[in-house]
Amino acid sequence: MKARIFVTLKGGVLDPQGKAIHHALEGLGFSGVNDVRAGKLIELDLADGTSDEDIDAMCRKLLANTVIENYRIEKVA
Amino acid sequence: MKSAVIVFPGSNCDRDLATAFEAMSGSKPAMIWHRDTELPDDIDLIGVPGGFSYGDYLRSGAMAARSPVMQAVAKAAERGAYVLGICNGFQVLTESGLLPGALLRNAGGHFICRDVPLTVENAQSAFTSRYGAGESVIFPVAHHDGNYFADPETLDRLEGEGRVALRYAESVNGSARNIAGILNEAGNVLGMMPHPERVIEAAHGKTDGRRLFEGLVEGLLARA
């Protein structure tokens, strides 16, 4: 079983990386970009039967810092 | 007086911090590897040093905060031992929950390595007792992720309880309210981005950091 964890900065938390990407896109001539936020994708290969609670605990205890980040869990078959 | 410096893979200010502890206390700190699960009995002072623990993987300080030794550090802190986290050490302390908030990437996106002016906001703490309230000092900073963040309620609480120990006297990295160093509720844990251990003797060019260690050691010796 696989799970994908999407970790994103909360709204209102400054994202200098996203800003730099935004500037670079404008530098390439793409003018229609209003904003860029960068995040992380963490792929977990899990033993079958790993509980949703355990995956959520992994996110809360390590994968995301909930002071500044949100996370979303997507289970893949 | 018993002191220790925690060493993570990627720590690079551990020996500087050990030198500062030894210079002020006269005894060598124990160097404690991150996999150790115990600290010396009755430890008085623990240094969590700067560097790039675990290559800053995932988030700065995130892996180090979950390493075995940090449970022992948390226990010692609860018992009242002093804990001083500098730079990456500050990041480790916020990631481990010993201090509130988080340290984000610097607002300008750059690594900042220079001397910065600071104001001592709280001169009553065990760490700052040898400074005057409102005194200006200059410490070097060297960090990429020093932009202190906490929600407005937490910031108000920190300010109201005198837990902002040090503040940048100018905009440096985008830190909320220019916060450079904060104390825990009990006042025995300090996290700060600037490096006092790099300015303790004349050969360093400046000695503003010396009194932080002197005050700590003096307080500990008086307590013993």
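Two strands pair if DSSP finds at least two bridges between them, and by that rule β10(B) and β11(B) pair in the antiparallel sense over three bridges. Welcome to a predicted model, in which local features need pLDDT of at least 70, side-chain atom pairs count only at pLDDT 80 or more, and totals for chains, interfaces and linings use all residues. Residues are numbered from 1 along each chain as its sequence is written, while chains are lettered from A and ligands numbered from 1 in the order in which they are written. Helices (H or I, at least four residues) and strands (E, at least two) are DSSP runs, numbered from the N terminus.

**Chain A as a whole**

- Chain A has two helices and three strands, arranged from the N terminus on as β-α-β-α-β.
- The radius of gyration of chain A, taken over C-alpha atoms, is 16 Å, well over the 11 Å that the globule rule gives for 77 residues, so chain A is more spread out than a compact globule. That globule rule is 2.2 Å times the number of residues to the power 0.38.
- Along its principal axes, the C-alpha trace of chain A spans about 50 × 25 × 15 Å.
- What share of the 77 residues of chain A count as buried? The share is 9%, where a residue is buried if 20 or more other C-beta atoms lie within 10 Å of its own, exposed if 12 or fewer, and partly exposed in between, with C-beta atoms placed from the backbone.
- Contacts are counted when the C-beta atoms of two residues, placed from the backbone, lie within 7 Å. Among contacts in chain A between residues at least 6 apart in sequence, 69% join residues at least 24 apart.

**The sheet of chain A**

- Three strands of chain A form an open sheet in the order β2-β1-β3, with antiparallel pairing.
- Its edge strands, each pairing on one side only, are β2 (40-45) and β3 (69-76) of chain A.
- From one strand to the next, the twist averages 20 degrees; for such angles, axes are lines fitted to C-alpha atoms, for helices over the stretch in contact, and the angles run from 0 to 180 degrees between N-to-C directions.
- Eight bridges join strand β1 (residues 2-9) of chain A to β3(A) in the antiparallel sense, and A:V7 has A:Y71 in β3(A) as its bridge partner.
- Helix α2 (residues 52-63) of chain A packs on this sheet, touching β1, β2 and β3 of chain A, and its direction makes about 145 degrees with that of β3(A).

**The sheet of chain B**

- In chain B, nine strands form an open sheet of mixed pairing, in the order β2-β1-β3-β4-β11-β10-β9-β6-β7.
- β2 (30-33) and β7 (136-143) of chain B are the edge strands, each pairing on one side only, and the twist averages 25 degrees from one strand to the next.
- Strands β4 (residues 82-86) and β11 (residues 189-192) of chain B run parallel and are joined by four bridges; here B:V83 stands opposite B:V189 in β11(B).
- Helix α1 (residues 14-25) of chain B lies across β1 (3-7), β2, β3 (45-48) and β4 of chain B, running at about 175 degrees to β1(B).

**Strand β10 and its neighbours in chain B**

- Is strand β10 (residues 179-183) of chain B enclosed or exposed? Five of its five residues are buried, so β10(B) is largely enclosed by the rest of the structure.
- Strand β9 (residues 164-168) of chain B pairs with β10(B) in the antiparallel sense over three bridges, with B:I182 as the bridge partner of B:V164.
- In β11(B), the bridge partner of B:G181 is B:M192.
- β10(B) and β11(B) form a hairpin with five residues between them, and B:G187 in the turn has a positive phi of about 85 degrees.

**The nonpolar core**

- A nonpolar core is a set of buried Ala, Val, Leu, Ile, Met, Phe, Trp, Tyr and Cys residues joined through C-beta atoms within 7 Å.
- The largest such core holds 73 residues, of which B:I6, B:I46 and B:V83 touch the most other members.
- Leaving out residues up to four places away in sequence, B:I6 touches residues including B:I32, B:I46, B:V48 and B:V69.

**Where the chains meet**

- 13 residues of chain B are in contact with nine residues of chain A.
- B:G109 sits in the loop between β5 (102-104) and β6 (112-120) of chain B and touches A:P16 and A:A20, not counting residues up to four places away in sequence.
- With 15 other C-beta atoms within 10 Å, B:G109 is partly exposed.
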